[in-house]
Amino acid sequence: MKSHPVGATSTPRPVSAPGRQMEELSADEALHLLGTAELGRIVFTRHALPAVRPVNHVLDRGDIIVRVQDGSTLTALLAAEHGAGVVVAYEADDIDPGEHLGWSVVATGYATAVTDPDEIERYVRLLEPWATGSASGAIRIRPDLVTGFRLRESGP
């Protein structure tokens, strides 16, 4: 699958499969779909190995915002911030396992701690954690690379 920086446009190319068609999404359409999902997965490095955690998110002016629970593995991302941030990937999808239809999006970029108190307060209102416990802050992922595909029924 070819990658496209955010804002870049390309003509989606369909890929045929029996009964289904896979269509590559533009970066803008992929980011829009990611914003419609309630749950995603953040991929980051922990002890020099890849780690994945399910989290809920909100899309805010093209950035992916995730709240961080106190004591969670993601708290280390807030503490490890230096300069441009930490490279992460964020994935969200909506695929019907029975019908084999839907979409999947991956955004890769830098995660940084949200430090502005007004922004943090706003994200507290927008993002209620799914697990009990207190949240210690929020992470902003600024996507540099967004890829995605949609699985559709093949035409006649």
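## Ground rules

Two residues are in contact when they have heavy atoms within 4.5 Å of each other. With that in hand, residues 24 or more positions apart account for 68% of the contacts in the protein with a separation of 6 or more.

What you see is a predicted model, in which local features need pLDDT of at least 70 and side-chain atom pairs count only at pLDDT 80 or more, while totals for chains, interfaces and linings use all residues. Residues are numbered from 1 along each chain as its sequence is written, and side-chain values use heavy atoms, with hydrogens and water left out.

## The overall layout

The protein has 3 helices and 10 strands, taken as DSSP runs numbered from the N terminus (helices are H or I, at least four residues; strands are E, at least two). Starting at the N terminus, their order is β-β-β-α-β-β-β-β-α-β-β-α-β.

Of the 156 residues, 37% are buried, that is, under 20% relative accessible area (1.4 Å probe, protein chains only). The protein exposes about 8,700 Å², and carbon and sulfur atoms supply 55% of that area; the areas come from the Shrake-Rupley method with a 1.4 Å probe.

## A hairpin to look at

Strands β4 (residues 39-46) and β5 (residues 49-56) run antiparallel and are joined by 8 bridges; strands pair if DSSP finds at least two bridges between them. Ile42 stands opposite Arg53 in β5. The hairpin has 2 residues between its strands, and His47 takes a positive phi near 55° there.

## The nonpolar cores

A nonpolar core is a set of buried Ala, Val, Leu, Ile, Met, Phe, Trp, Tyr and Cys residues joined through side-chain atoms within 4.5 Å. The largest one has 25 residues, and Tyr90, Val105 and Ile141 have the most contacts inside it. Two or more residues each come from α1, β4, β5, β7 (63-69), β8 (86-96), β9 (101-113) and β10, with α1 giving the largest share, 5 residues. Apart from this core lies another, of 6 residues, including Val114, Tyr123, Leu127 and Ala138.

## Leu33 and Arg150

Leu33 sits in helix α1 (residues 27-36) and counts as buried because its relative accessible area is 11%. Beyond its neighbours within four places in sequence, Leu33 is in contact with Leu25, Trp103, Val105 and Arg150. Leu33 and Ala92 are 59 residues apart in sequence, yet 8.7 Å apart in space, C-alpha to C-alpha.

Arg150 belongs to strand β10 (residues 135-153). Arg150 is buried too, with a relative accessible area of 16%. Not counting residues up to four places away in sequence, the residues that Arg150 touches include Glu23, Glu29, Leu33 and Trp103.

How values were computed
Buried < 20%, exposed > 50% of the residue type's maximum accessible area, 1.4 Å probe, protein only.
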